[in-house]
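Please keep the sequence and the model in view while reading.

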Amino acid sequence: MSFLTIENLEKSFGANRVVKDFDLSVEKGEFISLLGPSGCGKTTVLRMVAGFETPSSGIIRIDGQEVVRLKPNQRNIGMVFQAYALFPNLTVAQNVGFGLKVKGTPKSEIDTRVAEMLDLIGLSDLGGRYPFQLSGGQQQRVALARALAPRPQVLLLDEPLSALDAKIRVSLRNEIREIQRRLGITTIFVTHDQEEALSMSDRVVVMHEGIADQVGTPFEIYNAPATRFVANFVGTLNTLEARVLDPASGRVTLGQTEIALNRPLPGPTATLGLRPEMVSLGRGTHDTALSGTITEVDFLGSVIRLRADLGGQSLAFDTFNTNRIAPPKVGDRVELGIDAGDLLVIEG
Ligand code: ATP
């Protein structure tokens, strides 16, 4: 059995069902992200795991033990919130030692553990400071150390980076993942930032209106999105309507080009997804050529972002700038190379 399992979890606030039939199995030491837009229910799932919210129904087990009936302090969980939520009147060291003190841990043991934790987050010199004397990034590291000090079985992170500025966010992302790996602590991370979820996680749960649309590795989520929502929410995607010529073999026309998708496609039309980076200017070594007219050219330096019209449908794509080839101009007729295997059939 997995280390943390959630089965048929449901939560309603009045008539509003905000978490629906939610299942998840998390392995020991795994880093899982709940990714989705604001209001999709990810925080509510996390709060139910922590015990701050009671499920309407469903089961949550940690290390084999059913925890739904346990109070938050009876669950062996550490949590970090978006707002730093440090105790302003306690020093950094006192904040980090807080959970241990509450548990009645002997002072010498608290001191040792606090020193270990401050070392872990790289703030050994700042134990005597107060929260207001720290930067936002430092405060979040202290919040992480405070959550980890009692050696919880599970770490829950609720958008811990979203209040920080962009540069610190990226460095703290790596730092959190590094600490998580070093401790091997099972972690659930809530975010609405797809880049954060993709870059940090072993697996990502993409949530949409209270439902887990897809659970998979970042690679799977990006390359094989299970639903239209996942395809559009994670990364940039062109969606193109193709006319189905033969439903059995999945032969379609896209613009003026016939393509064999080699999979059954119901219906007279199919919606296909294509990532911008899968399209090349010129056919090159690709198996399929589309023809189009350039409608937009954004020269961004290393990358040129282009858009072409394929006879009524618009396709965004990127090409790398090499100073040997001048970018095309608006109105140019171009040939675009794609591989039929990169076309995603969008369902759901
Ligand atoms: P965000 O990123 O904005 O926090 P989220 O995906 O974490 O979004 P939740 O905070 O889980 O979403 O909220 C899901 C839905 O449940 C929202 O519509 C929210 O208004 C509602 N909700 C959350 N907590 C309560 C509550 N205590 N009482 C009533 N409705 C609530």
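Helices (H or I, at least four residues) and strands (E, at least two) are taken here as DSSP runs and are numbered from the N terminus. On that basis the chain has 8 helices and 20 strands. This is a predicted model, in which local features need pLDDT of at least 70 and side-chain atom pairs count only at pLDDT 80 or more, while totals for chains, interfaces and linings use all residues. Residues are numbered from 1 along each chain as its sequence is written.

## Overall layout

The C-alpha trace of the chain spans about 75 × 50 × 35 Å along its principal axes. Domain bounds come from an automatic or database domain assignment, and for this chain that assignment gives domain 1 (4-233) and domain 2 (238-345). The C-alpha centres of domain 1 and domain 2 lie 40 Å apart.

A residue is called buried if 20 or more other C-beta atoms lie within 10 Å of its own, exposed if 12 or fewer do, and partly exposed in between, with the C-beta atoms placed from the backbone. Of the 348 residues in the chain, 36% are buried. Two residues are in contact if their C-beta atoms, placed from the backbone, lie within 7 Å; among contacts in the chain with a separation of 6 or more, 65% are between residues 24 or more positions apart.

## The nonpolar core

A nonpolar core is a set of buried Ala, Val, Leu, Ile, Met, Phe, Trp, Tyr and Cys residues joined through C-beta atoms within 7 Å. The largest such core has 86 residues, and those with the most contacts inside it are V96, M117, A145, L156, V205, V206 and L272. Helix α4 (residues 136-148) supplies the largest share of this core, 6 residues. Both domain 1 (4-233) and domain 2 (238-345) contribute to this core, with at least three residues drawn from each. Setting aside residues up to four places away in sequence, V205 touches L24, I32, S33, L34, L35, A212 and V215.

## The shell around the ligand

Which residues surround the ligand? Counting a residue as near a molecule or strand if its C-beta atom, placed from the backbone, lies within 6 Å of it, the ligand is surrounded by F13, V18, G36, S38, G39, C40, G41, K42, T43, T44 and H192. Helix α1 (residues 42-50) gives the largest share of this shell, 3 residues. If Ala, Val, Leu, Ile, Met, Phe, Trp, Tyr, Cys and Pro count as nonpolar, Asp, Glu, Lys and Arg as charged, and the others, Gly among them, as polar, then the shell has 3 nonpolar, 7 polar and 1 charged residues.

## Strand pairing

Two strands are said to pair if DSSP finds at least two bridges between them. An open sheet of 5 strands has the order β13-β12-β11-β14-β20, with antiparallel pairing. Because β13 (257-260) and β20 (344-345) each have a single partner strand, they stand at the edges, and one side of each is left without a neighbour in the sheet.

Three hairpins carry a glycine with a positive phi. The hairpin of β11 and β12 has 4 residues between the strands, and G250 takes a positive phi near 70°. In the hairpin formed by β16 and β17, 3 residues lie between the strands, and G301 in the turn has a positive phi of about 105°. Between β17 and β18 the hairpin has 4 residues, and G311 takes a positive phi near 70°.

## A289 in its strand

A289 is placed in strand β16 (residues 288-299). Is A289 buried or partly exposed? A289 is partly exposed, because 14 other C-beta atoms lie within 10 Å. Leaving aside neighbours within four places in sequence, A289 is in contact with T257, R283, E335, L336 and G337. By contrast, A289 and N89 are 200 residues apart in sequence and 66 Å apart in space, C-alpha to C-alpha.
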